[in-house]
There are 6 protein chains.
Amino acid sequence: MSLQRPSGRQPDEMRAVTLEKGVARNAEGSCLVCFGATKVLVTASVETSLPGWRRGQGVGWVTAEYGMLPRSTGTRTRREAAAGKQSGRTQEIQRLIGRSLRAVVDMAALGENQITLDCDVLEADGGTRTAAITGAYVALAEAVRWMAERELVKGTVLRDTVAAVSCGVYRGTPVLDLDYLEDVEAQTDANFVLTGSGRFVEIQGTAEQAPFTRAELESLMSLAEKGIGELTQVQRAALSS
Amino acid sequence: MSLQRPSGRQPDEMRAVTLEKGVARNAEGSCLVCFGATKVLVTASVETSLPGWRRGQGVGWVTAEYGMLPRSTGTRTRREAAAGKQSGRTQEIQRLIGRSLRAVVDMAALGENQITLDCDVLEADGGTRTAAITGAYVALAEAVRWMAERELVKGTVLRDTVAAVSCGVYRGTPVLDLDYLEDVEAQTDANFVLTGSGRFVEIQGTAEQAPFTRAELESLMSLAEKGIGELTQVQRAALSS
Amino acid sequence: MSLQRPSGRQPDEMRAVTLEKGVARNAEGSCLVCFGATKVLVTASVETSLPGWRRGQGVGWVTAEYGMLPRSTGTRTRREAAAGKQSGRTQEIQRLIGRSLRAVVDMAALGENQITLDCDVLEADGGTRTAAITGAYVALAEAVRWMAERELVKGTVLRDTVAAVSCGVYRGTPVLDLDYLEDVEAQTDANFVLTGSGRFVEIQGTAEQAPFTRAELESLMSLAEKGIGELTQVQRAALSS
Amino acid sequence: MSLQRPSGRQPDEMRAVTLEKGVARNAEGSCLVCFGATKVLVTASVETSLPGWRRGQGVGWVTAEYGMLPRSTGTRTRREAAAGKQSGRTQEIQRLIGRSLRAVVDMAALGENQITLDCDVLEADGGTRTAAITGAYVALAEAVRWMAERELVKGTVLRDTVAAVSCGVYRGTPVLDLDYLEDVEAQTDANFVLTGSGRFVEIQGTAEQAPFTRAELESLMSLAEKGIGELTQVQRAALSS
Amino acid sequence: MSLQRPSGRQPDEMRAVTLEKGVARNAEGSCLVCFGATKVLVTASVETSLPGWRRGQGVGWVTAEYGMLPRSTGTRTRREAAAGKQSGRTQEIQRLIGRSLRAVVDMAALGENQITLDCDVLEADGGTRTAAITGAYVALAEAVRWMAERELVKGTVLRDTVAAVSCGVYRGTPVLDLDYLEDVEAQTDANFVLTGSGRFVEIQGTAEQAPFTRAELESLMSLAEKGIGELTQVQRAALSS
Amino acid sequence: MSLQRPSGRQPDEMRAVTLEKGVARNAEGSCLVCFGATKVLVTASVETSLPGWRRGQGVGWVTAEYGMLPRSTGTRTRREAAAGKQSGRTQEIQRLIGRSLRAVVDMAALGENQITLDCDVLEADGGTRTAAITGAYVALAEAVRWMAERELVKGTVLRDTVAAVSCGVYRGTPVLDLDYLEDVEAQTDANFVLTGSGRFVEIQGTAEQAPFTRAELESLMSLAEKGIGELTQVQRAALSS
């Protein structure tokens, strides 16, 4: 008898994923990304100035910020602007998003420009950081195209695509793309960020409740490779539409 | 020769207004409100506990928070959570929204419950605070209905409807519902919050550039009464759908 | 039978108002303003530099800050410097004071200088923001005169005078210049900022408890016009002494 | 040829000192204290509750806060509430004031009550902390009397009087009660807090520029004893008036 | 021709590791841990109360804080207490340390007690977080023994040991236990937290500069398994001494 | 019958004092100082730039920061970086350390360089600030020697040595170098900072519980002179080793 996931999905089955670009009137790039009921709005803002420490080196910078609307969650979460600071979790996530995107950017080709990716979670149902990275790539690509049309970049800025997915061991079975109910219960969960060509950019596995074996980790990696293969297709389709 | 508004509207013409309720899966009430290109997502969160100073009096509380996504604006605005505090403008607006909604709530009927209205601006094109108030009423009404269905309230909570609009003197002519281009240039601008029955809840007029006469103020009031009459119809339609 | 105000005043009667200029040894302009038992010390500080965003445009800037001594109130209020931030109310008030004063200043005549108005409440009995604006005009005028004597300005800096008063509906009757006891109980209250020539700079009316009719608003406006007429006389007398 | 002090005073001569009690309508005790041009407003607030760590021990607490109005100084000082924190100097001073007053209070007689002394500098010309302590004693005594009249205390709360003065070596000569011009230039300066009966509560001597000899320190002590003898008389006169 | 590491080590060779327990007079457990020139002082503090959200469930809590002395680094780093907040990096690290230790703790056996692990870096030469985890286990074990001696715990608290090490691809070769010079230059680096029995608690791999292949990741895992095997021996020796 | 000190020391007897220089691999100067069980790690960091307000005057600057490891104390103290600010006590102490060191520095000889002394308490048993000053002098001297070897200074930077000790009245007897048990109980305690040539740099005496007489203060001064004579010998020995 096989595992029953709360959503009825197969262990290696992603949620329905949609990526809609061009959703923000003001931004140079944008994407509304849905991983099932998780919904994140990403904007890419191009600035022709750089932070002080990065200037004068002929290279650019890509950075990210992350936030959750207070009622994106099942019970209301305190607004970070009202609390007066970003939580450790928020900072961890936005640092992860920034690193993930930078891994596919040719900073010399970008020139002395900065692109800021704002990832705001409208609805949360698990996997907000992986959805954010996947959507941020689309918003970034759109912004880079906008720059290329204005001859603001030198050559090819994006060396590869990048996407992310979470996997975990749920009731003893490795599963792909955890939703909130699975995430809460999973003994182990890991986030994977891979390029379109299948290389690893980030891997973050945590097993606070039950340490995992190397074999389990291998299974999660294989699931991630499958999921990111699919996400890469959806990204390409969204960008070529 | 008559005034040419940037949008081609008549002086007493509102932008296209839409109110869509039920847009947030997790919240007890929600509304996506558009005043032209201004787009605000409002959620209403019901909590069965109150802040300490309000407890034990047999009455409830309604409060609001306001935020702008960093790229809701033409150039990116710094994220308040990253800056570590809410600006004076943000605080002013969220205090205004809270007061406006409380003006139509029977706190005894609400019982010892709190409703928090989170108003997050997805796209800004002028009038974000008036759109927020207008949409917040719809989200609030939906949340109150949710509570009534669960017998969490005692009698009729909402004594009236409430909506808001801005008016201003643009190139010498009083106009209704300023968009961003008009707002920047207006000598005078005023925000009006009125009930569905035509009473004034708030009036905030500012003339940093050119003080206005009482006659001008009277014209703005009349425009506001017209605009809010229309908004009240749209609110009723949204709630009865 | 007529309304009994706690102070025994007539509905259209201001409290005793005094404005004493030149009270701060170090400041270029200063004023101790009393509206009855409300007492505010205002200083005007002239600086020959501007905030970064305002530089190089040939114009000046006027700004204001507001604070209450912890025991200006009936029970001690927490010191904002100890709390680590200014409350939303404080920020709203200091923004209002700044806008009100700027409305009568010719920024080109001021040249690239900044004047900061510090309004510190020594005793509070209602109407602290309107007293602050009224006294700040006197401190500002004194500072401008100080600058003129040193040929630091180009022509006439002050285009008009400006003063402020609050009005409200107290026990059903519109009354002028609310004191604390009236303010707490008033269904509606509004702050009016007018120039000496009778034009409106700001109007902020709030009816959290009982929305008001347009007719009531008209009555409050008329009271404000009367009160500000009187305040303007007191300002002129103070400055010509 | 003798030393010429900027004020023309003799080396062992205090500035004119005035202490006016009962100046704040709302506070249980208050005092406006002037040491020459230095002017500090002190209020004493009685609270019948204690901070958590002090409760249930049958004893009270006395604490102090200190602030300077932004334009109490020759050039405007940034408002600490706007800066978002109290400086190290402010904290040092308010801790000193609190300790000084506590040294003469019988905490058991005070009962489980707290008195907060707010010391706000209206004009600064050197010696603000010593003026604050001297005035705070008067405000405290007035508040204690107010409590005694209401039978809120058990027996004699104040075991002694307390006052403070600064002394320093100015151009080689030990002088009493430094004003701002002397303070800036003094090689050495020390603040002394003594009881009315001539005992030392605090001594803080600093010689950042030129270390001092024990003989110099002895001279400063003698000056302080003389000055505090005089301050004690002024305090007694103020309280018996 | 083989890789030349800056330290002359073999690719799979750890730095000299020392673990000295009982170094802090006041703490219930403590450990001074050195990974080569990296030196971290860890203390374990036992508290018999829990944070509010954890109370009344019959289980305990283990948490960690991390800091670097300002001059533990080659150039002075700003003191976080002076900056007014912990950086995102600090928060990430202390969250990692806490999770890693909790993975081997039986919270029911710990009872309603909290243990806080303070990890302060005295000297930094790469790998501070992995050294901190490895030393924190020793301090934790000492604190648990202290509790057991006082019968404060119920049965066996520690289900396993835990240690951590970083690995990376340095000049194309996977190497074990990166020092600072290697860390700066590595294309890829990963931190591994494993139990003494060889299971994975955390894996955090980052490839900001050059995404890595699955084969490279496998090599790093094998190195980590070897390194942690050695660290586990050193931990056992330290605790049995 | 004579006084019994908790440590068995004579009233005029210092604890065992050790000063070990060169303990921090990265810093230009460093010292591990122990006053009995009190242990402070001091580093001196040389920077060739100055804070803005000090630039362009041909002189240098010396400043200090102070911190306590959370478990340097008997029960854990909250980490200031986590609390988000330095306490008033911390600020007072670091300002004291800075002033004390500056008193013996020839700022012109130092040139436009800054030296920052970081004093971090590893173990606290009373007298942390006096130990910090005494050790900071050694770290500073080592850093100055480092600079002299690189010809970064002009002539003799250190005009004298400086050290510090606390004295107090314990059970009626004046004693030298209070440890924690004595400090808690002492009616009076004073910190003395003296130069090697016997001049006073700082004296801070506090008598919150029982005001002291001039005669008592004289006794404390004599004890301090004795103690600092001994500390000066230990400093010289440490630096010449």
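What follows is a short report on one chain, some pairs of chains and two residues.

## Before we start

This is a predicted model, where local features need pLDDT of at least 70 and side-chain atom pairs count only at pLDDT 80 or more, while totals for chains, interfaces and linings use all residues. Residues are numbered from 1 along each chain as its sequence is written, chains are lettered from A and ligands numbered from 1 in the order in which they are written, and side-chain values use heavy atoms, with hydrogens and water left out.

## Chain A as a whole

Let's begin with chain A, which has six helices and nine strands. Both kinds of element are DSSP runs numbered from the N terminus: helices are H or I with at least four residues, and strands are E with at least two. The radius of gyration of chain A is 18 Å, close to the 18 Å that the globule rule gives for 241 residues, so chain A is as compact as a globular protein of that length. (That radius is taken over C-alpha atoms, and the rule is 2.2 Å times the number of residues to the power 0.38.) Along the principal axes, the C-alpha atoms of chain A fill a box of roughly 60 × 40 × 35 Å.

How much of chain A is buried? Of its 241 residues, 61% count as buried, meaning under 20% relative accessible area; exposed is over 50%, and partly exposed is in between (1.4 Å probe, protein chains only). Now for contacts, which are heavy atoms within 4.5 Å. Among those in chain A between residues at least 6 apart in sequence, 71% join residues at least 24 apart.

## Chains in pairs

Here's the general idea: two copies of a chain are related by a rotation about an axis and a shift along it. Superposing is done by least squares on the C-alpha atoms of residues with pLDDT of at least 70 in both copies. As for the interface, 100% of the interface residues of chain D are also interface residues in chain F, so these copies meet through the same surface.

Chain A goes onto chain B by a rotation of 180 degrees with 0.0 Å of shift along its axis, at RMSD 0.0 Å. Which residue of chain A comes closest to the rotation axis? That's A:A81, with its C-alpha at 1.9 Å. Some chains don't touch, though: no contact joins chain B and chain E, whose closest C-alpha atoms lie 11 Å apart.

## Two residues in chain C

Is C:L181 buried or exposed? This residue of helix α5 (residues 180-185) is exposed, with a relative accessible area of 56%.

C:V201, in strand β9 (residues 200-206), is buried, with a relative accessible area of 1%. Beyond its neighbours within four places in sequence, C:V201 is in contact with residues including B:G205, B:F212, C:S100 and C:V162.
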